[in-house]
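Please find below my notes on the structure, arranged as numbered points. They begin with the contact between the chains and then turn to the fold and the charged pairs.

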Number of protein chains: 2
Amino acid sequence: MIRINAYHSPRCFGYSGASAGAAICKIIRDEGPISRAELGRRTGLSKSTISLHVERLLNLGLVAEETVPSGKRTRLVFNSEAGYVVAIDLGVTSVDIALCDLGGTIIHHEERSILVSEGPEKVLAEITSVIDAILMEHEVETNRLYGIGMGIPAPVEFSTGYPINPPIMPGWHKYPLRQILGERYQCLVYIDNDVNMMAVGEMQYGVGRGIENQIFVKVGTGIGAGIILSGMLYRGAKGCAGDIGHISLKNSDELCPCGNKGCLEMVASGRALARLGTKLALEGESHALRKILDEGREITAKDIGDLASQGDLLCVSLIRMSGEAIGEVLAGLINFVNPSLVVLGGGVAGLGGRWLTTIKEVIYRKSTPLATRGLDIRFSELKSKAGVIGAAALVVDEVFSIDRVTQMVSQEG
Amino acid sequence: MIRINAYHSPRCFGYSGASAGAAICKIIRDEGPISRAELGRRTGLSKSTISLHVERLLNLGLVAEETVPSGKRTRLVFNSEAGYVVAIDLGVTSVDIALCDLGGTIIHHEERSILVSEGPEKVLAEITSVIDAILMEHEVETNRLYGIGMGIPAPVEFSTGYPINPPIMPGWHKYPLRQILGERYQCLVYIDNDVNMMAVGEMQYGVGRGIENQIFVKVGTGIGAGIILSGMLYRGAKGCAGDIGHISLKNSDELCPCGNKGCLEMVASGRALARLGTKLALEGESHALRKILDEGREITAKDIGDLASQGDLLCVSLIRMSGEAIGEVLAGLINFVNPSLVVLGGGVAGLGGRWLTTIKEVIYRKSTPLATRGLDIRFSELKSKAGVIGAAALVVDEVFSIDRVTQMVSQEG
């Protein structure tokens, strides 16, 4: 049935007892500061019922009172300092780990070099040693750690937290990350695809605040998208929605390891730019790129971006090629999804304005006029922090879902 | 915020009074037959509250009692015969008009030839004369006509019901269809894109029943898609989501009236097949197609399908070409959206098995293995009726939304 989710869920039904308290907590979290009187109008609950539930939330420490400067009236705010979450953003060659408060503010941030290809045991040992050190340094007691959110560069079955057939992460298939972290830290653990986490971060705290329909595109070593539709993260039937790296391009026959020709990743990703730059250097097409190899370094997408901004025409053309390919694929997806915003993030987004301009130009030329009416295309605001901030936001939203808070309030009440 | 819609809506809050009655009506409609005791367990409301609301719904005629064969206990069902809706599926050259009961069953169906290009006044005059005749024949009193649902081959701003810049419908831009029909028939009117209606029909009564994430693809004169995500029709930021006809193909440079090259519609639609078939006939490439022109007829996609099924190799290759183009575009969209089901409908879907097999073959080759795991690709079950059945389903869902039924129950209570 249409809109079945909004009307049909048992959660929508007559909040009474603890679940009314949880719903009140949700409103305070989303809309606070808010007065008790406003809560009453907003919910239709009586003054005494509101008072009872607010009292419990105050006792739990989830909510705090704030005095309005003008007088004696107080308003209620969600108490971001009531506890902590740990946010992890796992990349292919590095991991970001952050301790955050319940408002998603980063209190402590660490980055470590790892190799996901070395398998989950080794990587997890590194991650847990960093978490242990951070928790100790900030004297976080176990009962104040509400949850852990972790983004990984792989498709994830969200309900179990299992990585599913990750192409670049041998040994991680169905690895019980959630169980291991949950048992060690005695808290709730949520695992999701890294780009999904970035999309959530950007929607809640970045350039996508308050925008219902948006697509976050990460262009790094690989290319992926996170999809926010009707204000919700959309994961797809098997959790692999947004896997745009293997969409086929019009004018490319580059063979991809996936078996097809002309995949987006083969032309537009950071790995592709590095590969093509290296090829041109070896063929003697670019003196500037050759110099990098002669210095004993590997050519990276960043080198190409740096040279392009110095006016190197060959590097400019490589960047245009990446932008055109991304623009072409996004033009089709924009026709299909009709979003209000496309956010570009990931390492290659650091290539800057020339790259973004090419992407925009292709999108405005190739998408239908109606689909691009009012469409905004921007760089990520949270940049390299989008992943950890998103992981923190996602875990806080899950931990303070109506159902979870209902449990907390029941135990208190 | 994540899942903001499910938790955040004021509708989710403490159903009391009339809104509790509306919510009970919704449960009976979705899950009935259901007993009063089950309703109590399902909602947490007291026996007397349930009784009160059920009494009102019985008085309104929205709900009926059904005696369980075994004994005295009765169960409640939604009374599909309590009233009627009119469903309209407007095409480019014809219109389907149906009188349906509240369960979406077609009571009376008419089809008329029209030309949308002749403008809204003329088309609407034809439509209203048909509706008038049907209502008179079935002696439908004004107060038993609950609503009208109408699908049109154009982008639609759903909140107002306005067609927006319809490329093939001059004179229809922002035409006040909803107001005109609403004033004439004194009922609620909902206008949406025709393919959206088909997608809703197929999800509720066709091959897509109970499937959360599915894409309906209509291949007729043009090509469009209706998108169902998380069990809800997804319309996009400006109501034009699903506009896939102008996504660009890999191996095509056919110039499209939209200004781009290689658009899907230029190769794979019914119009494209007819155009290409005519071209080949005129160039003397096909004796069989030439014969149609010599008989003074125009070549249609159906002719090409018929000849292909008789073994005409040129027509087989045209059908393969259409299937390959559709498969290529869908392969990318499937990677992006990761649906469980793709439904193919519209006139060209009548081309049959060979066309569908080509589409499937390309999708399974070009989509990622994870995105196609468990993916089903099928023909529409409702066929040419998908549009009217969907329009009826959509208008019934809107008319019996919690908010609307709350109004009805308030007036009764």
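**Notes on the predicted two-chain model**

1. Chain A and chain B bury about 6900 Å² between them, 60% of it on carbon and sulfur atoms; buried area here is the accessible area (1.4 Å probe) that two parts lose on being put together, summed over both. The model is a predicted one, in which local features need pLDDT of at least 70 and side-chain atom pairs count only at pLDDT 80 or more, whereas totals for chains, interfaces and linings use all residues. Residues are numbered from 1 along each chain as its sequence is written, chains are lettered from A and ligands numbered from 1 in the order in which they are written, and side-chain values use heavy atoms, with hydrogens and water left out.

2. Across the interface, 78 residues of chain A are in contact with 78 residues of chain B, contact being heavy atoms within 4.5 Å. Between the two chains there are 22 residue pairs in polar contact, both residues at pLDDT 80 or more. On the side of chain A that touches chain B, the residues divide into 37 nonpolar, 23 polar and 18 charged. A polar contact is a pair of N or O atoms within 3.5 Å; within protein, one must be able to donate a hydrogen and the other to accept it, and residues adjacent in sequence count only if both atoms are side-chain atoms. For the residue classes, Ala, Val, Leu, Ile, Met, Phe, Trp, Tyr, Cys and Pro count as nonpolar, Asp, Glu, Lys and Arg as charged, and the others, Gly among them, as polar.

3. Two salt bridges are counted between chain A and chain B, a salt bridge being a side-chain nitrogen of Lys or Arg within 4 Å of a carboxyl oxygen of Asp or Glu. One pairs K250(A) with D253(B) at 3.9 Å, N to O. Another pairs K250(B) with D253(A), at 3.9 Å, N to O. This latter pair crosses from the loop between β12 (232-234) and α8 (265-268) of chain B, where K250(B) lies, to the loop between β12 (232-234) and α8 (265-268) of chain A, which holds D253(A). K250(B) counts as buried at 8% relative accessibility, whereas D253(A) is exposed at 54%; buried means under 20% relative accessible area, exposed over 50%, and partly exposed in between (1.4 Å probe, protein chains only).

4. Chain A has 16 helices and 14 strands, where helices (H or I, at least four residues) and strands (E, at least two) are DSSP runs, numbered from the N terminus. Buried residues make up 59% of its 413 residues. Of the contacts in chain A with a separation of 6 or more, 60% are between residues 24 or more positions apart.

5. Over all chains, the whole structure has 43 salt bridges. Within chain A, the side chains of R209(A) and E381(A) meet in one of 3.6 Å, N to O. R209(A) lies in the loop between α7 (194-205) and β10 (214-219) and E381(A) in the loop between β14 (376-379) and α15 (386-399), so the pair ties together parts that are 172 residues apart in sequence. R209(A) is partly exposed at 48% relative accessible area, and E381(A) is partly exposed at 43%.
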